[in-house]
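Have a look at the structure first, then read on.

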Amino acid sequence: MELGWLLWGAAVLLLLHVLAELSSAVNFALRMGWYCVLCVMGSMLAAPACLLLNGGRTVRNMRIIKNVVKTFKYFFGLRFEVKGLENFEVEGPAIVVSNHQSILDMMGLMEVLPDNCVQVGKKELMYTGFVGLIMYLGGVIFINRKSTTSAKMVMSEVAKTMVAENVKVWVYPEGTRNCTGDFLPFKKGAFHLAVQAQVPVIPVVYSSFTTFYNPKKKLFTSGKIKVEVLPPIETKGLTSGDVSDLTDRCYHTMRETFFMLSGRPS
């Protein structure tokens, strides 16, 4: 009986392997399914460790989560080439901004995440089972993007907490995932926050995923991701009237770096 189940299991795995080799859509579905399974399993493993070692919700849990997520890349044949990590070594708090391409960004985030750094995410993510739980335990700041008033209030509290607790805050200024091979316009919230708190902005740029990951084309293969942490941009002395210029400066610098890392003309 047990041998029969083993044979059936082997036959199913072999069939899936053959289908994945023949069909990019099947390969894409299998890889995305496995990615989701890894996220849930990783969250289930990390949550007890976070509770036992750190007692609950705290940014210190991000070290545990980071070490778990950093193993995911080996399952998908992804390689990271990182430059400029020394630019995270600023005294005091800072705002970290990066481009936002896909659901895979979490792996890129954890590859370079500095200590004492929390992320800003949409409130809906808090209700995604174990994944939402581990984000909560890691100190992720959840924002209701549908309510401008609520978002502004949260960001105002973030500014106070950031300075009081000496933490960095990681924000995706595009506001949503964008796998087009270019940048969406930046929202100004992160830059208002930096100016309000008078802390530097540290841009982080990831090369384009489109050569190995494209949901529209059902493409998901192995590949290399180049990451560059750019020098901090100071905001001391800037006022709310300078936010637009700060946003534009950061956008153009990051976009040029994005095309350079991706091996494409701007």
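**Notes on the predicted model**

1. Let's start with one side chain: Met44 has 42% relative accessibility, so it falls in the partly exposed class, which lies between under 20% for buried and over 50% for exposed. Keep in mind that we're looking at a predicted model. You'll find Met44 in helix H2.

2. H6 is the top contributor, with three.

3. Now for the sheet. It is open, has seven strands and mixed pairing, and runs in the order E1-E9-E6-E2-E5-E3-E4. Strand E1 (78-83) and strand E4 (141-143) sit at the edges; each has a single partner strand, so one side of each lacks a neighbour in the sheet. From one strand to the next, the twist averages 25°.

4. How do strand E3 and E4 pair, in the parallel or the antiparallel sense? E3 (residues 117-122) and E4 are parallel, and three bridges link them. To see one end of such a link, pick Lys122: its bridge partner in E4 is Ile143.

5. Finally, check what packs on the sheet: helix H9 (residues 243-261) does, touching strand E2 (94-98), strand E6 (201-206) and strand E9 (223-229). The direction of H9 makes about 30° with that of E6.

Key:
Residues numbered from 1 in each chain as written. Predicted model: local features only at pLDDT ≥ 70, side-chain atom pairs only at ≥ 80, totals over all residues. Heavy atoms only, no water. Helix = DSSP H or I, 4+ residues; strand = E, 2+ residues; numbered from the N terminus. Buried < 20%, exposed > 50% of the residue type's maximum accessible area, 1.4 Å probe, protein only. Pairing = 2+ DSSP bridges. Axes fitted to C-alpha atoms, helices over the stretch in contact; angles between N-to-C directions. Contact = heavy atoms within 4.5 Å.
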